[in-house]
Amino acid sequence: MRAYYFDNLPGDQRLPHESASQAAVSISTLNSIKVEFWNIPLQGHEEKLNAVAKERGYRNRDVITISKEGLGDEYETKLKAFYKEHIHEDEEIRYIMDGGGFFDVREAPTDEWIRIAVSAGDLLVLPAGIYHRFSVDERNMTRTTRLFKDEPKWSAIYRSDESDTNPHRIEYLNSITAAA
Ligand code: KMT
Ligand code: NI
């Protein structure tokens, strides 16, 4: 995992887009916006992943391969949907098993994009209510385990005035202010 500020320049979303003028983003900065991260080496990851899942009450999971081969005709549509800024009413928990990609999260209160580059072994938890988006990188492939607390909640709430007043969004912002 490596995190840095997104350069906000137009161009292929699969390229790094690393801002040259800003320092790298530390894990503690990520933690301050409630993003959590672990590295669990692929070899023998089952036991550790199960332990984290048990401890945090993640009872369901599935595996998705985001690639042309994995998604076929749906690939381009899905890539566009994943890269559209959104929130969920639940945590987004991803353990990367192969390939990699970028999770872009909005820092609060600055609203700057922080780009989190992930690879195999990275376990990332985005809190409910954080604005984010996802892209594959130049490898064009991400195989990931998706963990869920209960029933998978797929719905993405795209950014709008309405999402800004979503109770999960408000609760998220309050949790950050309270922690600061
Ligand atoms: C989401 O909701 O942003 C996603 O599921 C992204 C794809 S998982 C790497
Ligand atoms: Ni999402």
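1. Basis. In this predicted model, local features need pLDDT of at least 70 and side-chain atom pairs count only at pLDDT 80 or more, whereas totals for chains, interfaces and linings use all residues. Residues are numbered from 1 along each chain as its sequence is written, and chains are lettered from A and ligands numbered from 1 in the order in which they are written.

2. Overall make-up. The chain's secondary structure comes to six helices and 10 strands. The radius of gyration is 16 Å, close to the 16 Å that the globule rule gives for 180 residues, so the chain is as compact as a globular protein of that length. (The radius is taken over C-alpha atoms, and the rule is 2.2 Å times the number of residues to the power 0.38; helices, H or I, have at least four residues and strands, E, at least two, both being DSSP runs numbered from the N terminus.) Along its principal axes the C-alpha trace spans about 40 × 35 × 30 Å.

3. Burial and contacts. Of the 180 residues in the chain, 25% are buried. A residue is buried if 20 or more other C-beta atoms lie within 10 Å of its own, exposed if 12 or fewer, and partly exposed in between, with C-beta atoms placed from the backbone. Among contacts between residues at least 6 apart in sequence, 77% join residues at least 24 apart; a contact requires C-beta atoms, placed from the backbone, within 7 Å.

4. Strands count as paired if DSSP finds at least two bridges between them. Strand β5 covers residues 92–106 and is joined by four bridges to β7 (residues 122–126), in the antiparallel sense. Tyr95 has Leu123 of β7 as its bridge partner. Seven bridges join β5 to β6 (residues 113–119), again antiparallel, and here Phe103 is partnered by Ile116. These two strands, β5 and β6, form a hairpin with six residues between them, and Asp111 in the turn has a positive phi of about 65 degrees.

5. Gly101 stands opposite Val136 of β8, and Phe103 stands opposite Phe134 of β8. With β9 (residues 142–148), β5 pairs over six bridges, antiparallel as well; Ile93 faces Leu147 there. Four of the five residues of β8 are buried, so this strand is largely enclosed by the rest of the structure.

6. Ligand 1. The surrounding residues are Ile66, Phe82, Glu92, Arg94, Gly101, Phe134, Thr142, Thr144 and Ala156, where being near means a C-beta atom, placed from the backbone, within 6 Å. Which strand gives the largest share of this shell? It is β5, with three residues. Both β5 and β9 supply at least two residues each. By type, the shell divides into four nonpolar, three polar and two charged residues. (Ala, Val, Leu, Ile, Met, Phe, Trp, Tyr, Cys and Pro count as nonpolar; Asp, Glu, Lys and Arg as charged; the others, Gly among them, as polar.)

7. Annotated positions. An unreviewed UniProt entry lists His86, His88, Glu92 and His132 under "binding site". They span 47 residues in sequence, yet no two of their C-alpha atoms are more than 11.4 Å apart, so they gather at one spot. UniProt positions follow the numbering used here, feature names are shortened, and annotations may be inferred rather than shown by experiment.

8. His86 is in strand β4 (residues 86–87) and is buried, with 20 other C-beta atoms within 10 Å. Leaving aside neighbours within four places in sequence, the contacts of His86 include His132, Ala156 and Tyr158. His88 is in the loop between β4 and β5. Is His88 buried or partly exposed? With 19 other C-beta atoms within 10 Å, His88 is partly exposed. Beyond neighbours within four places in sequence, His88 is in contact with Ala128, Lys153 and Ala156.

9. Glu92 lies in β5 and counts as buried, with 23 C-beta neighbours inside 10 Å. Apart from neighbours within four places in sequence, His132 is in contact with residues including His86, Phe103 and Leu126.

Methods: Contact = placed C-beta atoms within 7 Å.
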